[in-house]
Amino acid sequence: MADPTPKKIIARERRKHLRLTAMGAVNLAVQGEEPREVYLASIGRGGLGIYLHREIKAKKLVVITLKLIEEDPDGEELKVAARVRWASPVGRLYMAGLQFEPMSDQRYHRLLKHLNVMEELQL
């Protein structure tokens, strides 16, 4: 009997790195469009998942602005470039998986520090 699991879902679960469940608004900028608020679903060392109100095409290059969780209560922002790997409608919304583009060691260190704090909060 054939496996009834849709292939898209199988592909989404093939990750090199753990993804942390996350909630909150982040800023998404696509070249040639006004920046927009989208909703974080998950984040990890290799990328993130988002929900958004408007469709976004696979392979688009975007910039995401994350508010980092640190000791400073005002937080700090980190802009990261990412490539849309997939996007699918989910009810009246869309969900997309983004893979981070290569970044500097300093920027990656800041992202990892943020993820470590998030992981500690989820335990």
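Arginine 110 is partly exposed, with a relative accessible area of 23%; here buried means under 20% relative accessible area, exposed over 50% and partly exposed in between (1.4 Å probe, protein chains only). Arginine 110 forms a salt bridge with glutamate 76, their closest N and O atoms lying 2.4 Å apart. The pair links distant parts of the chain, 34 residues apart: arginine 110 sits in helix 2 (residues 105–122) and glutamate 76 in strand 5 (residues 76–90). Glutamate 76 is also partly exposed, at 34%. A salt bridge is counted when a side-chain nitrogen of Lys or Arg is within 4 Å of a carboxyl oxygen of Asp or Glu.

This is a predicted model, in which local features need pLDDT of at least 70 and side-chain atom pairs pLDDT 80 or more, while totals for chains, interfaces and linings use all residues. Residues are numbered from 1 along each chain as its sequence is written, and side-chain values use heavy atoms, without hydrogens and water.

The protein has 2 helices and 6 strands, arranged along the sequence as α-β-β-β-β-β-β-α. These elements are DSSP runs numbered from the N terminus: helices are H or I with at least four residues, strands E with at least two. Of the 123 residues, 31% count as buried.

The salt bridges number 5. Glutamate 33 and arginine 54 form one of them, at 3.3 Å between the closest N and O atoms. Glutamate 33 is partly exposed at 34% relative accessibility, and arginine 54 is partly exposed at 45%. Glu33, Arg36 and Arg54 are linked in a salt-bridge network. Glutamate 55 and lysine 57 form a salt bridge at 3.5 Å, N to O.
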